[in-house]
Amino acid sequence: MDKPTFVRPPPLRPGSRVAALSLSAGFVTEVPHRYAAGVRQAAESLGWDIVPAPNAFRGPEYLYAHPEARADDLRWALQNPEIDGLVSIIGGDDSIRLLPSLDPELIRAHPKVFLGYSDSTVTLTQFLKAGVMAYHGPAVLTDLAENGGIHPLTRHGLEQAFGTEPYDLSPAPEWTEAKQVWDEASQPHRREFQPGDGWTWLQGDAPAEGHLLGGCVEILDMLSGTPGELPPELWHGAVMALETSNDVPPPSQVGYWLRNWAAKGVLQGLSGLLLARPRDYSPQMVEQLYVWVRRVLKEAGREDLPVVANVDFGHASPQLTLPLGARVRLDPAAGRVTVWP
């Protein structure tokens, strides 16, 4: 089977004009100061000029009632020659309602960077289905508006993903699940972080590589059986990257979702698996998650599959940016994950 290829859109650089999209929840109108902080910090740290899409500030009620307006913003950003890239303002739970209005031919005709995570997995997946790389990474109201400034690991991860040289992902030197207070008084004050605890290699000895696919596991499951899901053959030879959301799905539920992929034959054809640091999991839940992952992979005959867990992407803070569609290599013996952007 031929390896799939993905168009790499022009990377975001200092001076890039980036459209901010409310493709999911529309409550940005309730926290305008937080949005302003994300725009300001992205300009200061990355040199981006973030501008709102026409419907981005229509409010949560309007955008919930009019998913087609959200899709209109995506089309506007893709077709607008003055827009260099697209970034999600925040996640949510219903961007799957945009599927009937998303046009893969338009995405393919106007390949641009799309950046987001969580519910943005719906749109990221449509870019991949269109043969265009997509970027699983920060949103405006979260990491770009991080209290006290964009975290250095987050900034460096974006710069690496939009660079031209191969690079290794790095474990976060520190991390936090401390609550972010989204008010103007708290914005300048950095949250409390704790020392990084590194990655956990769950299984696998031999190096493996493949094209990177994935996203938020709850949203990927939501796409299952719909026209928006990735075809099983596109997963063949892939490295799957999975993150869990702040809904905190039980470890057993993650195991059930993995069994679904085994039933489809997806797990059997993978080259590797990246698991994000699970949001709001207790140490006991983390251990249960690892038990479930090993159990399901054994059931699928994939005790050989290299699996690295506790990687800082998705709902982790800080978070790395994963260029979906790029080639990635897992080397368990060396403890390395290398990306060719």
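What follows is a dialogue about reading helices, a core and salt bridges in a predicted model.

Trainee: Before we start, what should I know about the model and its numbering?

Mentor: The model is predicted, so local features need pLDDT of at least 70 and side-chain atom pairs count only at pLDDT 80 or more, while totals for chains, interfaces and linings use all residues. Residues are numbered from 1 along each chain as its sequence is written, and side-chain values use heavy atoms, with hydrogens and water left out.

Trainee: How do I read a helix, and how many residues does H1 have?

Mentor: Helices (H or I, at least four residues) and strands (E, at least two) are DSSP runs, numbered from the N terminus. The expected span of a helix is 1.5 Å times one less than its number of residues. Helix H1 (residues 32–46) has 15 residues, and its first and last C-alpha atoms are 21 Å apart, close to the 21 Å expected. After H1 comes Gly-47, with a positive phi near 80°.

Trainee: Which residues of H1 are buried?

Mentor: Buried means under 20% relative accessible area, exposed over 50%, and partly exposed in between (1.4 Å probe, protein chains only). In H1 the buried ones are Arg-34, Tyr-35, Ala-37, Gly-38, Val-39, Gln-41, Ala-42 and Leu-46. They pack against strand E1 (17–21), strand E2 (49–52) and helix H6 (152–161).

Trainee: What about the core? Which residues touch the most other members?

Mentor: Here's the general idea: in soluble globular proteins, nonpolar side chains tend to be buried together. A nonpolar core is a set of buried Ala, Val, Leu, Ile, Met, Phe, Trp, Tyr and Cys residues joined through side-chain atoms within 4.5 Å. The largest one here has 108 residues, and Trp-48 and Ile-50 touch the most other members. Helix H11 (residues 283–299) gives the most to this core, with seven residues.

Trainee: What is Trp-48 in contact with?

Mentor: Contact means heavy atoms within 4.5 Å. Leaving aside neighbours within four places in sequence, the contacts of Trp-48 include Leu-12, Val-18, Ala-42, Leu-115 and Phe-162.

Trainee: Which salt bridges link distant parts of the chain?

Mentor: One of them joins Arg-259 and Glu-299, with the closest N and O atoms 2.8 Å apart. Arg-259 lies in helix H9 (residues 251–263) and Glu-299 in helix H11, 40 residues apart. Another joins Arg-277 and Asp-312, at 3.1 Å between the closest N and O atoms. Those two are 35 residues apart, and both Arg-277 and Asp-312 are buried. Elsewhere, salt bridges that share partners join Arg-70, Asp-94 and Arg-97 into one network.

How values were computed: A salt bridge is a side-chain nitrogen of Lys or Arg within 4 Å of a carboxyl oxygen of Asp or Glu.
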